[in-house]
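Here are a few notes to read alongside the structure. Take them in any order you like.

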Amino acid sequence: MSIASLIHLNESENSDFDRKKFHTAIIEKYPKTATEESKYQSLAYDVCWENNSEQCQFELRMDRKRCTFVIEYFNSNHRLGDYASFILWLRTFFPKEKEVILVDENNSELMILSSDTSIEAIKNWLESVGL
């Protein structure tokens, strides 16, 4: 999928984000995931996770303020369902009570991701934005 998706916590900063917990979880769920961290302070997105396994392929970045995941690429055999599940899984790393928004790369379509959003609803959104 060539169109990026952003999962954004509607806050200015997320100091409670537990990178160690997330790193452990992503390696457990997607074992062949590599992590790259940038030391350049000028970059807005300083951590990248990349997976090129048979299960799925993705490139995921996170901003320095720990409020936004950007899925720059996602592919798998069951693309829409797996992508929707991936988005929903990422949502679990933000507080349940906080507003989290799923946005397309053009910032023209958005969906509120509550803690009880369904995979089917996300699949419908992905289809509506042309994924």
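1. Let's begin with N107, which counts as exposed because its relative accessibility is 62%, over the 50% cut-off. In this predicted model, N107 is found in the loop between β6 and β7 (110–112). Its phi is near 60°, a positive value in a residue other than glycine. Most residues other than glycine have a negative phi.

2. R66 lies in the loop between β4 and β5. Is R66 buried or exposed? With a relative accessible area of 10%, R66 is buried.

3. Now to the strands. Strand β2 (residues 34–37) and strand β3 (residues 45–52) run antiparallel and are joined by four bridges; T35 has W49 in β3 as its bridge partner. Between β3 and β4, also antiparallel, there are seven bridges, and V47 is partnered with M62 in β4. A hairpin of three residues links β3 to β4.

4. Buried residues in α2 include L80, Y83, F86 and W89. What covers the buried residues of this helix? The cover includes strands β1 (5–9), β4 (56–63), β5 (68–76) and β6 (100–104), along with helices α1 (19–29) and α3 (119–128).

5. How many salt bridges are there? The count comes to seven. One of them pairs the side chains of R19 and E37, at 2.6 Å from N to O. R19 lies in helix α1 and E37 in strand β2, so this pair ties together parts that are 18 residues apart in sequence. R19 is partly exposed at 30% relative accessibility, and E37 is partly exposed at 43%.

6. Another salt bridge joins the side chains of E59 and R61, at 2.8 Å from N to O. Here E59 counts as buried, at 19% relative accessibility, whereas R61 counts as partly exposed, at 25%.

7. Finally, please look at E120 and K123, whose closest N and O atoms are 3.9 Å apart in a salt bridge. The two are three residues apart in helix α3, which means that about one helical turn separates them. E120 is partly exposed, with a relative accessible area of 45%, and K123 is partly exposed at 24%.

Notes
Residues numbered from 1 in each chain as written. Predicted model: local features only at pLDDT ≥ 70, side-chain atom pairs only at ≥ 80, totals over all residues. Heavy atoms only, no water. Buried < 20%, exposed > 50% of the residue type's maximum accessible area, 1.4 Å probe, protein only. Contact = heavy atoms within 4.5 Å. Pairing = 2+ DSSP bridges. Salt bridge = Lys/Arg side-chain N within 4 Å of Asp/Glu carboxyl O.
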